[in-house]
Amino acid sequence: YSEYEDAFNESNNETNQYYDMVKEQKFDQLLDKEVQLENAKAQALKNSQNTLNAQGFGSQGYGSSLTSGIYGRYMNAFNENERDYQAGVDALESERNQALKDNKEEAYQQVVSLMSSGSNNMERVNEYLASIGLGTINKKTNEFTWNEKPQSMSNADWTQLKYLYNLQND
């Protein structure tokens, strides 16, 4: 069944590559926000110190409460960015899992559809199933024999596929 698995895995690889790329973009956006946030914090600290110095209070300790307020707002914004990033990654992983599940269902439906389209000619159905590695055809008797269930296919789908085959074969 390697042909079936290879086609299925190729689709999954494309899906995973797409979601990995989007995840990297989200991380790049997070880094950009963190750099902007760090620059804003540094600028706020510089401006507040310059203002205190201009008023003559720079060496008297008045800047400590101003500094702690700036750091507090910085940490709140930093944590909010982290939460937003993690929520985005969680949503992305959920989408990825659904897409992988959809790939699995699509692979199964393709087999069922293509198998059904040859329902008037069981020889063609057997050739198709053998070509995707789900079974083999005995050269002498021309009889189809199922291989082992593909790992990517559920037991229910495997049983249903064999049942559909038997219905058509009857």
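**Exercise 1. Is Asn-53 buried, exposed or partly exposed, going by its relative accessibility?**

Solution. The model is a predicted one, in which local features need pLDDT of at least 70 and side-chain atom pairs count only at pLDDT 80 or more, while totals for chains, interfaces and linings use all residues. Residues are numbered from 1 along each chain as its sequence is written, and side-chain values use heavy atoms, with hydrogens and water left out.

Step 1. Set the classes: buried means under 20% relative accessible area, exposed means over 50%, and partly exposed is in between (1.4 Å probe, protein chains only).

Step 2. Asn-53 has a relative accessibility of 44%, so this residue counts as partly exposed.

Step 3. Helices here are DSSP runs of H or I with at least four residues, strands are runs of E with at least two, and both are numbered from the N terminus.

Step 4. Asn-53 and Glu-143 are 90 residues apart in sequence, and their C-alpha atoms are 93 Å apart in space.

**Exercise 2. Compare Asn-79 with Asn-81 in helix H2.**

Solution. Step 1. Asn-79 lies in helix H2, and Asn-81 has its place in helix H2 as well.

Step 1. Asn-79 is partly exposed, with a relative accessible area of 34%. Asn-81 has a relative accessible area of 15% and is buried.

Step 2. Leaving aside neighbours within four places in sequence, Asn-81 is in contact with Leu-30, Lys-33 and Leu-37.

Step 3. For Asn-79, take the distance to Gly-133: the two are 54 residues apart in sequence and 51 Å apart in space, C-alpha to C-alpha.

**Exercise 3. Which members of the largest nonpolar core touch the most other members, and which elements supply two or more residues?**

Solution. Step 1. A nonpolar core is a set of buried Ala, Val, Leu, Ile, Met, Phe, Trp, Tyr and Cys residues joined through side-chain atoms within 4.5 Å.

Step 1. The largest core has 16 residues, and Val-111, Leu-129, Leu-134, Trp-146, Leu-161 and Tyr-165 touch the most other members. Helix H2 (63-117), helix H3 (122-131), strand S2 (144-146) and helix H4 (155-169) each give two or more residues to this core.

Step 2. Trp-146 lies in strand S2 and is buried at 19% relative accessible area. Not counting residues up to four places away in sequence, Trp-146 touches Leu-129, Leu-134, Gly-135, Trp-158, Leu-161, Lys-162 and Tyr-165.

Step 3. On the same exclusion of residues up to four places away, Tyr-165 touches Met-115, Met-122, Val-125, Asn-126, Leu-129, Phe-144 and Trp-146.

**Exercise 4. Why do the buried residues of H4 line one face of the helix?**

Solution. Step 1. The buried residues of H4 are Asp-157, Trp-158, Leu-161, Tyr-165 and Gln-168.

Step 1. Seen down the axis of H4, these residues fall within an arc of 105 degrees, so they line one face. The arc is that of the directions from the helix axis to the C-beta atoms.

Step 2. The face turned away from the buried side of H4 carries the exposed residues Asn-155, Ala-156, Thr-159 and Tyr-163.

Step 3. Apply the test to H3, whose buried residues are Met-122, Val-125, Asn-126, Tyr-128 and Leu-129. Down the axis of H3 they fall within an arc of 160 degrees, so they line one face of that helix.

Conventions: Contact means heavy atoms within 4.5 Å.
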